[in-house]
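Please read them with the structure open.

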Amino acid sequence: MNIKQKLTLAFAVIACVPIVLVAVLIVLNLRSEARAGFLDSSGREIRQVDNAMQLFFQGISQNVEFLASHPQLQAIDGALKSYVAPDAAATPMGAQDRRLFELFAGLAASHPAYAYLSLGTREGGYVFWPGDPNLSNYDPRTRPWYRQRWPSRDRPSAPRPITGRLTTWCWSAPCAASPIAWAARAGW
């Protein structure tokens with residue numbers, strides 16, 4: 001290799017080194033800015049989701065307070081239809097069952113995230129929306145949403161939700177004749 005080629009190669013290397021260094025610095029800077037931007041926007045999105053969930057939970061709590069003081073729920077007695085027997089599907093719903101079902105249907109219509117609404121009494125009475133005319137051999141007292149119901153007997157209470165395919169929020173409420181437990185199950 002002659003001296004002209006060596007000088008040309010040396011000048012090319014000298015010219016390329018700053019370009020490569022600048023390119024590396026730009027890439028590193030862009031990467032750190034992208035990461036910072038991602039962390040910032042992710043944090044804002046997480047806060048938004050958290051706020052939305054808090055509003056959803058507050059709405060559910062307000063519904064619980066409303067339903068716990070609702071005259072139809074306060075008037076529940078031991079006469080709710082029980083689905084424990086194998087022939088429960090043949091037994092018609094009583095007037096109280098129908099009124100509670102209509103109340104639940106109205107609540108569900110105004111809250112489309114609710115997939116199910118269930119109410120059980122200590123006597124085994126059960127009212128649920130959307131309903132199933134063929135339901136039998138079902139005891140609400142054995143369900144997790146009923147078993148975790150009684151942290152407080154004098155006001156509505158809501159233990160931690162049960163998570164699964166559908167998230168289930170459970171509450172208990174004192175009533176004059178029969179304490180009740182009810183659950184709202186929502187799916188996204």
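1. Two strands are said to pair if DSSP finds at least two bridges between them. In this predicted model, strand 1 (residues 114-121) and strand 2 (residues 126-129) pair in the antiparallel sense, with 4 bridges between them. Within that pair, L119 stands opposite V127 of strand 2, and the bridge partner of L117 is W129, also in strand 2.

2. Is strand 1 mostly covered or mostly open? Strand 1 is mostly covered, with 6 of its 8 residues buried. In a regular strand the side chains alternate between the two faces of the sheet. The hairpin of strand 1 and strand 2 has 4 residues between the strands, and G124 in this hairpin takes a positive phi near 95°.

3. As for the overall layout, the protein has 4 helices and 4 strands. Read from the N terminus, the elements follow the order α-α-α-β-β-α-β-β. Of the 188 residues in the protein, 32% are buried.

4. Helix 3 (residues 95-110) can be checked for its length. At 1.5 Å a residue, its 16 residues should span 22 Å, and the end C-alpha atoms are 23 Å apart, which agrees. The expected span is 1.5 Å times one less than the number of residues.

5. Which residues of helix 3 are buried? They are Q96, D97, L100, L103, F104, L107 and A108. These residues cover an arc of only 135° around the axis, so they sit on the same side of helix 3. E102 and A109 are on the other side of helix 3, and both are exposed. An α-helix has 3.6 residues a turn, so residues three or four places apart point the same way.

6. A113 counts as partly exposed because its relative accessible area is 23%, where buried would require under 20%. A113 and F56 are 57 residues apart in sequence, while their C-alpha atoms are 9.8 Å apart in space.

7. How many salt bridges does a search of the whole structure find? The search finds 2. In one of them, the side chains of R44 and D40 meet at 3.0 Å, N to O. R44 and D40 are 4 residues apart in helix 1, so about one helical turn separates them. R44 counts as partly exposed because its relative accessibility is 44%, and D40 counts as partly exposed at 43%.

8. A salt bridge also joins the side chains of R141 and D139, at 2.8 Å, N to O. R141 has 29% relative accessibility and therefore counts as partly exposed. D139 has 18% relative accessibility and therefore counts as buried. The cut-off for buried is under 20% relative accessible area.

9. Two backbone features deserve a look by eye. A cis peptide bond joins W129 and P130, with omega about 20°. P130 lies in the loop between strand 2 and helix 4 (144-147). N137 is found in the loop between strand 2 and helix 4 as well, and N137 has a positive phi of about 55° although it is not a glycine. N137 is exposed because its relative accessible area is 56%, where exposed means over 50%.

10. Which residues form a nonpolar patch on the surface? The patch consists of M1, L9, V13, V17 and L21, and together they have about 500 Å² of accessible area. M1 lies in the segment before helix 1 (3-69). M1 counts as exposed because its relative accessibility is 67%.

Key: Residues are numbered from 1 along each chain as its sequence is written. This is a predicted model: local features need pLDDT of at least 70, side-chain atom pairs count only at pLDDT 80 or more; totals for chains, interfaces and linings use all residues. Side-chain values use heavy atoms; hydrogens and water are left out. Patches are made of residues with over 30% relative accessible area and no salt bridge: like charges are joined within 9 Å, nonpolar side chains (Val, Leu, Ile, Met, Phe, Trp, Tyr) within 5 Å. Accessible areas come from the Shrake-Rupley method with a 1.4 Å probe; for residues, only the protein chains shown count as cover. A salt bridge is a side-chain nitrogen of Lys or Arg within 4 Å of a carboxyl oxygen of Asp or Glu. Helices (H or I, at least four residues) and strands (E, at least two) are DSSP runs, numbered from the N terminus. Buried means under 20% relative accessible area, exposed over 50%, partly exposed in between (1.4 Å probe, protein chains only). The arc is that of the directions from the helix axis to the C-beta atoms.
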